[in-house]
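Trainee: I have a structure to go through. Can we take it piece by piece?

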Amino acid sequence: MSSTRGGSPVLAVTGWSAVSPIGTGAAGFTEAVRTGRTGGADVSGMFDAPLPTGRAHAIPDFRAADHLGRKGTRHLDRSTALALVATKLALESTDAAVDGDAAGRAGLVLGTTAGSIRTTSEFSRDTLVEERPYLVNPVMFPGATINCPAGSSAIRHKLRGVNATVAGGQMAGLNVLRYGAHLIGGGHADVLLAGAVEEFSPHMAWGHRALTEGYDVPLGEGSAVFVVEDAERVRSRGRTPEAEVLASAFGTGGPDDTARTLEASVVRALRLAGVGADEVWGVATGEHGVEGLDGAEDAGVRAALGDGPVRIRVKRLVGECNSASGPFQLAALLAHHRTDPGLDGRVSVLTSVSADGAAGAAVVRGHRLPDGTVPAETHDEEGDEL
Amino acid sequence: MTATDTALIDELREIVADVLEVEPEEISETGLFSEEHEADSLQAIEVLARIEKTLRIAVPQTELPDMGSLDGVYRVVSRYTEGNA
Amino acid sequence: MRRVVVTGLGPVSNVGTGAAAFGAAVRAGRSGVSPITSFDASGFPHRNAGEVRDFAPQEMVERLDTAEWGRSSLFAAAAARLAVADAGLDPDELSRAGAGSVMGTTSGESQIIERLTEEEVAGGWESLSPHLPRQVPASRLAYAVNRELGLTGEAMTLATACSAGNYAIGYAYDLVRTGAADYMLAGGADSVLRWAHAGFFRLGAVAEDVSSPFDRDRSGIITAEGGAALVLESLEGALARGAQIYGEVLGYGLNCDADHMVSPDPVGIAECMRRAHANAGIEPGDVDYICAHGTGTPANDLAEATAVLDVFGGAPPPISSVKSMLGHTMGASSAFGAIASLIGMREGFLPPTTNFSHHDPALGGIDPVPNEARPADVRIVQNNGFAFGGNNAITVFGRVS
């Protein structure tokens, strides 16, 4: 097992955004979580290719041009478009310095499963069906490469610091938080946009059907991005973080050991954070909707934390978003803090497990935003349990 | 200029405009794509690739330097469509 | 903070597998380029690639079921297995320790995506093999390493395209340096792809026969594949167990051009060099050798040489490209660069840039170590990696005396 300690600092979250099947922006997402809005849309008209189901947790009305203007958006692959919008909204939500000289110290750590699989496949398809195998569409070549969303976001927002793409699949949320903490701790960046992006496509839909054979798990899409910085540095400048990622732990084992691997990760992350299991108010679990994995995650969580903490299952709202699952879990935790002032300063846990035997956890302390920074429609006294 | 020429120029203008994400009427005959529309090298290759696919001709990449304006594109393409028309 | 050293190397390459064979090949300037066999390349005007023709994963991995993993994952696992053996580490001890892996890649298991695409074209969406989608995630590269070696720590795949190997080494270095892990396997893996060959060809970036970096008449890359892994551990631990030490990881630098998805920017590259030097605590004058990104495209080599001249002045250290021999192994390439550099440092030679005929006046006074390896006393190496997206990553290694 490997864990965050030593040179890796507590991360402050100083802004965030989401582009999701249930709402856009931190406020829109928070409102959807508060009211328990579930995704689900008619996707039958989204693509020329057939889909295995007529409905999914996609965002059929998402148009990059609505947020970014027309120029430079016509030929974007969907993953890159989602990332461009999510990173733009995240930057608009933060008071972190990312302009001028600070742009050289600001970067991105973006999670994915395998980039825009649709773009890769369509590019590959052209090599088979065109008259000559090289008659591919060159403007789609960057999008066929996994790091296009992160690279394009840096170009659009002029972020000249670290630019990283983490192919983490279900573990991507934890990966980007852990990697981001080490990059900041090692002096490689001051401000990072950390999150993930996943697109809906026929390719994803048919693959998802094969992976969830026998289960009813709607496929989703979207992106959630957090602005993270060194928490100590943020506070020393009189700024207030919305949340802090106190510690994390990540382990791998055989696929049959997942419950134990997760339990050990949670215990270790809590110890590193200096937090007792009885202090944890909630657990945002990954939830695959597939029996074996969910059973293992549940067993690991119960073994480490008992039955006390509230369980937050945001996947029931946004659908299976693969690499974006972890970031949506974190977004859901922050949404609860925004809507329930009673949670101010309290600690929660985020867990993820993968079909490949990986399991991990992060410990998050959420804060009440200073008065006036929470949009009125989300300022509700009633805490919500999913 | 023949009707065929005009039709070809219009077709090329459509292709270039789509690649550069502007309206066809914004593409002048002699203006450089790089100067008037901030076209980059990838978009230049994209123009060439679209032309090859649409017109079913083969244009070597060594012609790219002469394809910086609509006029230049037309002249290069004309050479590779001779006999095909 | 702990000092971090490299104690094991695992190259699985088209010029040789294992540190000894790879080192001998690089020293001899051997070519790993051959006509493409992994897909039908007859419709391409340029038909060479750097395939690892003799890769036999079932003979190299001990735990993985090779039918369940894609080619890139198997490259990663086989390379890691070799690196651990080279480091003289007891696999059981490694399993018990806090060990993990970080692997870099450009396209992950894109060969699986190409197979699924072939199935869709041939038989429609309903005909896709149900066992293939689970092999698609690029995260499988690092999981393959952890599974093969029974590691219980972090497993992370960095998909930062053609500099990913250096990103991986950098993160593994941080995990060992800070004590978050005791041993890390770091490197990269990629497989030859029809779509990547087509894409680079369409950009005019694929050479007809071989790649000739820094040559006046260079005409592009040769797409290639392979797996490369390094064992990183603390200097203290390595000394305590009497391990061989190839060299020390002194630091690394990362930045982004934030300028163009495919065109390299000399300003961003120069800035990355300065960051790497600052992070490693060295001055440009300390660098004895630069292992180039050196893809052999006109644009890369010009941007790289321009940045080198900017940072080092008119008389930079020798800079050579192992891509002249291996071709462009994409996400594995900077890990192969690290391996070649470390072997050169240990054995006292600079790897050559082969296929070199004519000096390019546009590249100023750079010394590409043309065609033949050169005996040299190498104390500090700078290993360059650049990529699509302007993802620059440079690692710095030093000799441990």
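Trainee: Which residues in H7(A) meet H13(A)?

Mentor: This is a predicted model: local features need pLDDT of at least 70, side-chain atom pairs count only at pLDDT 80 or more, and totals for chains, interfaces and linings use all residues. Residues are numbered from 1 along each chain as its sequence is written, and chains are lettered from A and ligands numbered from 1 in the order in which they are written. On the H13(A) side, the contact (C-beta atoms, placed from the backbone, within 7 Å) takes in Ser325(A), Gly326(A), Pro327(A), Gln329(A) and Leu330(A). Facing them in H7(A) are Ala172(A), Gly173(A) and Leu174(A).

Trainee: At what angle do the axes of H7(A) and H13(A) cross?

Mentor: Two packed helices are described by the angle between their axes and the distance between the axes. Axes are lines fitted to C-alpha atoms, for helices over the stretch in contact, and angles run from 0 to 180 degrees between N-to-C directions. Helix H7 (residues 172-185) of chain A and helix H13 (residues 325-339) of chain A have axes that come within 6 Å and cross at roughly 75°. So H7(A) relative to H13(A) is roughly perpendicular (65 to 115 degrees).

Trainee: How many helices and strands are in chain A?

Mentor: Both are DSSP runs, numbered from the N terminus: helices are H or I with at least four residues, strands are E with at least two. Chain A has 13 helices and 14 strands.

Trainee: What share of chain A is buried?

Mentor: A buried residue has 20 or more other C-beta atoms within 10 Å of its own, with C-beta atoms placed from the backbone. Chain A has 386 residues, and the buried share is 66%.

Trainee: Which element gives the largest share of the side of chain C that touches chain A?

Mentor: The contact takes 69 residues from chain C and 74 residues from chain A. Elements giving two or more residues on the chain C side include helix H6 (140-149), helix H7 (164-177) and helix H5 (110-123) of chain C. The largest share, seven residues, comes from H5(C).

Trainee: How many residues of chain A are in contact with chain B?

Mentor: Start from the chain B side, with three nonpolar, no polar and four charged residues. Seven residues of chain B are in contact with chain A, and the chain A count is eight residues.

How values were computed:
Contact = placed C-beta atoms within 7 Å. Buried ≥ 20, exposed ≤ 12 C-beta atoms within 10 Å, placed from the backbone. Parallel < 35°, antiparallel > 145°, perpendicular 65-115°, else oblique. Nonpolar A, V, L, I, M, F, W, Y, C, P; charged D, E, K, R; others polar.
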